[in-house]
Amino acid sequence: MIVVSGGYQTKFGELWDKSLKDLIIEAGEGAIKDAKVKKSKIDLVIVGNKLAGKIGGQEHLGSLAIDCLGIRVPGIRVEAACSSGGLAIHQAVLAIKAKQVETVLVIGVEKMTDKGNGEIAEALMGAASEEERRVGLSFVGLYALMARVYMEKFGVTKKDLAKVAVKNHKNALKNNKAHFQKEIDINMVLKASMVAEPLGLFDCSPISDGAAGVVISKGSKGVEIVASEIASDSLGLSRRKSLIELEATQVAVKKAYLTSRINPRLNRGRPDMVDLAEVHDCFTIGEILALEDLGLAKKGEGYKGVKIPINTSGGLKACGHPVGATGVKQIVEIYKQLNGKAGKRQVKNAKIGLTHNVGGTGGTAVVHILRRQ
């Protein structure tokens, strides 16, 4: 089996007193300590990151990480926009399956708040198409286009979108690592300044600093990773079949359900067997589309919510979105939930959890399914 044997998340937020190196060290050391593994047993270090080279001038993060942590093993960096963390986890799983290594330390990290919002927005658009950049679009603008189409097709209102933000802020109240630990209500969301119609300030995830780390290994002790799947789609929206679904998510999750083997009788998984999920809610419309693409809600009904807990961490919206760290943080949250270590936000009797990490507007999607042993 391939298992998560340890996990750790730093505080997410505006961490003025923390450097990129500080965050790597805290997340890496924290995960190693939680896994109760010696550094000498780690065979590989993988870092998920998008922006360090662009906004911080620091490339070669694999070498940086092993140097900071005092681990003399191969270190590599992977990048897939906002799904860099999820892809780093996937690469660790592949390395273990290939029998090249037995224990991998994965760190997702991003230091974003040292730069101005305009510079960050421009850097993030490196995950979009040339055409989208040329006409001056931003990611909030792109997701606003998707929201407009969805709202017109299904008769959804801004109030329906706002409910996602309210829920995730409420969840974050129980997470002391969250960027925002402040409850909001529907009126606050609706009255907030508009960013890109119909998405207002509270419909958008924040610019955050932070890191998360996990130890993944071949063994029998830990939370089992029963599926790790990725899929890709066109870089820009103009080449998509639909603006109200992410095909990459649909393809990745279909493979994940088929390969997860969590239903002994059918030898495969099903959406209704998932007890909780961490989904990519970079904007409120993002969570709604995710629920539908993952098969957790019918098409056109994701805004109504689902029966299982979604984004117990607070999601990207309230826990924060240091883009390279998000996919790893999602794994840490599910690992804690399935281990019964989630504290005040613990989901009772949680056995199977799902994570969903997206790059750009769906150019990449990574889905993991984890099971408590």
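**The sheet**

In what order do the nine strands of the open sheet stand? The order is β3-β2-β4-β7-β1-β8-β11-β10-β9, and the pairing is mixed. Strands β3 (75-78) and β9 (276-278) stand at the edges, each with a single partner strand, so one side of each is left without a neighbour in the sheet. From one strand to the next, the twist averages 25°. Strands of a sheet pair through backbone hydrogen bonds, either parallel or antiparallel.

Some terms need their rules. Two strands pair if DSSP finds at least two bridges between them. Helices (H or I, at least four residues) and strands (E, at least two) are DSSP runs, numbered from the N terminus.

**About the model**

This is a predicted model, in which local features need pLDDT of at least 70, side-chain atom pairs count only at pLDDT 80 or more, and totals for chains, interfaces and linings use all residues. Residues are numbered from 1 along each chain as its sequence is written, and side-chain values use heavy atoms, with hydrogens and water left out.

**Two helix pairs**

Helix α8 (residues 158-172) packs on helix α11 (residues 284-293) at an angle of about 95°, with their axes 8 Å apart. That makes α8 roughly perpendicular to α11. From α8, the contact uses Leu161, Val164, Ala165, Lys167 and Asn168. From α11 it uses Thr284, Ile285, Glu287 and Ile288. By class, this contact has five nonpolar, two polar and two charged residues.

Helix α4 (residues 84-97) and helix α13 (residues 323-339) pack at about 60°, with their axes 5 Å apart. That makes α4 oblique to α13. Ser84, Gly85, Gly86 and Ile89 in α4 meet Gly324, Gly327, Val328 and Ile331 in α13. The classes here are three nonpolar, five polar and no charged residues.

**How the packing is described**

Axes are lines fitted to C-alpha atoms, for helices over the stretch in contact, and angles run from 0 to 180 degrees between N-to-C directions. Angles under 35 degrees count as roughly parallel, over 145 as roughly antiparallel, 65 to 115 as roughly perpendicular and the rest as oblique. Contact means heavy atoms within 4.5 Å. Ala, Val, Leu, Ile, Met, Phe, Trp, Tyr, Cys and Pro count as nonpolar; Asp, Glu, Lys and Arg as charged; the others, Gly among them, as polar.

**The largest pocket**

Rolling a probe the size of a water molecule over the atoms shows where empty space is left. On a 1 Å grid over the protein atoms alone, a cavity is a set of points where a 1.4 Å probe fits but cannot get out, and a pocket is an open set with protein on both sides within 12 Å along at least five of seven lines; lining residues have an atom within 4 Å of a point. Grid points are joined across faces, edges and corners, and a volume is the space filled by probe spheres set on the points.

The largest pocket holds about 800 Å³ of space. Its lining has 34 residues, of which Cys204, Ser205, Pro206, Ile207 and Phe283 lie nearest its centre. Helices α5 (117-124) and α7 (139-154) each supply at least two lining residues. The largest share, four residues, comes from α5. By class, the lining has 21 nonpolar, nine polar and four charged residues.

**Two cavities**

The structure holds two cavities of 30 Å³ or more. About 60 Å³ of space lies in the largest cavity. Its lining residues are Lys158, Leu161, Ala162, Val189, Leu190, Met194, Pro198, Gly200 and Asp203. Helix α8 gives the most, with three residues.

The second largest cavity has about 50 Å³ of space. Tyr143, Leu246, Thr249, His280, Gly286, Leu289, Ala290, Asp293, His356 and Val358 line it. Elements α11 and β10 each give two or more residues to this lining. The largest share, four residues, comes from α11.

**Backbone exceptions**

Most residues other than glycine have a negative phi, and most peptide bonds are trans. Lys36 has a positive phi of about 55° although it is not a glycine. Lys36 sits in the loop between α1 (20-35) and β2 (44-48).

A cis peptide bond joins Glu197 and Pro198, with omega about 10°. Pro198 lies in the loop between β5 (194-196) and β6 (199-200).
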